[in-house]
Amino acid sequence: MIVTTTQSVEGYKITGYYGIVFGEVITGVNFFKDFGAGLRNIVGGRSQGYEEELEKARVGALQEMEQRAAQMGAHAVVGVDIDYEVLGQGNMLMVSASGTAVTVEAL
């Protein structure tokens, strides 16, 4: 499946539109990662634990979006946007991906 932030796919023409598709992941950060991030906040540096959670959530949201597009019969998702939100007391992260499911044909 082609997934792009652009409104078109180079070398292809869009032959059908199936609507907006979404993928959402809500994940919690466990105590140990939260504690490690707190220490990094004091001494400086990157929080590998948070970065790993963020990457897993992003990949999961994109995969879910692709699956929903495929179920509609789409070959691609264009105009993809990814949003991040912190939920609750700051220990829950929501990542959502959205785009337009389309069918494409090579030029």
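## Overall picture

The protein exposes about 6,900 Å², and carbon and sulfur atoms supply 52% of that area. Accessible areas here come from the Shrake-Rupley method with a 1.4 Å probe, and for residues only the protein chains shown count as cover. This is a predicted model, in which local features need pLDDT of at least 70 and side-chain atom pairs count only at pLDDT 80 or more, while totals for chains, interfaces and linings use all residues. Residues are numbered from 1 along each chain as its sequence is written, and side-chain values use heavy atoms, with hydrogens and water left out.

The protein has 2 helices and 4 strands. Both kinds of element are DSSP runs numbered from the N terminus: helices are H or I with at least four residues, strands are E with at least two. Along the sequence the pattern reads β-β-α-α-β-β. Of the 107 residues, 29% count as buried. Buried means under 20% relative accessible area, exposed means over 50%, and partly exposed lies in between (1.4 Å probe, protein chains only).

Take the contacts with a separation of 6 or more: residues 24 or more positions apart account for 76% of them. A contact means heavy atoms within 4.5 Å.

Two strands pair if DSSP finds at least two bridges between them.

Strand 2 (residues 12-28) and strand 4 (residues 92-106) run antiparallel, joined by 15 bridges. Within strand 4, Val 95 is the bridge partner of Val 25. Strand 3 (residues 76-87) also runs antiparallel to strand 4, with 10 bridges between them. Here Leu 87 has Met 92 as its bridge partner in strand 4, and Val 86 has Leu 93.

## The nonpolar cores

In soluble globular proteins, nonpolar side chains tend to be buried together. A nonpolar core is a set of buried Ala, Val, Leu, Ile, Met, Phe, Trp, Tyr and Cys residues joined through side-chain atoms within 4.5 Å. The largest one here has 13 residues. Val 21, Ala 61, Met 65, Ala 69, Val 77, Val 95 and Ala 101 touch the most other members. Strand 2, helix 2, strand 3 and strand 4 each supply at least two residues of this core. Apart from it lies another core, of 5 residues, among them Ala 76, Val 78, Val 102 and Val 104.

Beyond four places in sequence, Ala 69 touches Met 1, Val 21, Ala 74, Val 77 and Ala 101.

Ala 57 sits in helix 2 (residues 48-72). Ala 57 is buried because its relative accessible area is 1%. Leaving aside neighbours within four places in sequence, Ala 57 contacts Val 25, Thr 27 and Val 95. Ala 57 and Ile 26 are 31 residues apart in sequence, yet 7.4 Å apart in space, C-alpha to C-alpha.

Thr 27 belongs to strand 2. At 16% relative accessibility, Thr 27 counts as buried. Not counting residues up to four places away in sequence, Thr 27 touches Glu 53, Ala 57, Asn 91, Met 92 and Leu 93. Thr 103 lies in strand 4 and is buried too, at 7% relative accessible area. With the residues up to four places away left out, Thr 103 touches Lys 13, Ile 14, Thr 15, Gly 16, Tyr 18, Gly 73, Ala 74 and His 75.

## Salt bridges

Side chains of opposite charge can pair when their charged atoms come close. A salt bridge is a side-chain nitrogen of Lys or Arg within 4 Å of a carboxyl oxygen of Asp or Glu. By this rule the count is 2.

One joins Arg 68 and Glu 24 (3.3 Å, N to O). Arg 68 lies in helix 2 and Glu 24 in strand 2, so the pair ties together parts 44 residues apart in sequence. Both are partly exposed: Arg 68 at 35% and Glu 24 at 33%. Another salt bridge joins Glu 64 and Arg 68 (3.0 Å, N to O). Glu 64 and Arg 68 both lie in helix 2, 4 residues apart, about one turn of the helix. Through shared partners, the salt bridges join Glu 24, Glu 64 and Arg 68 into one network.
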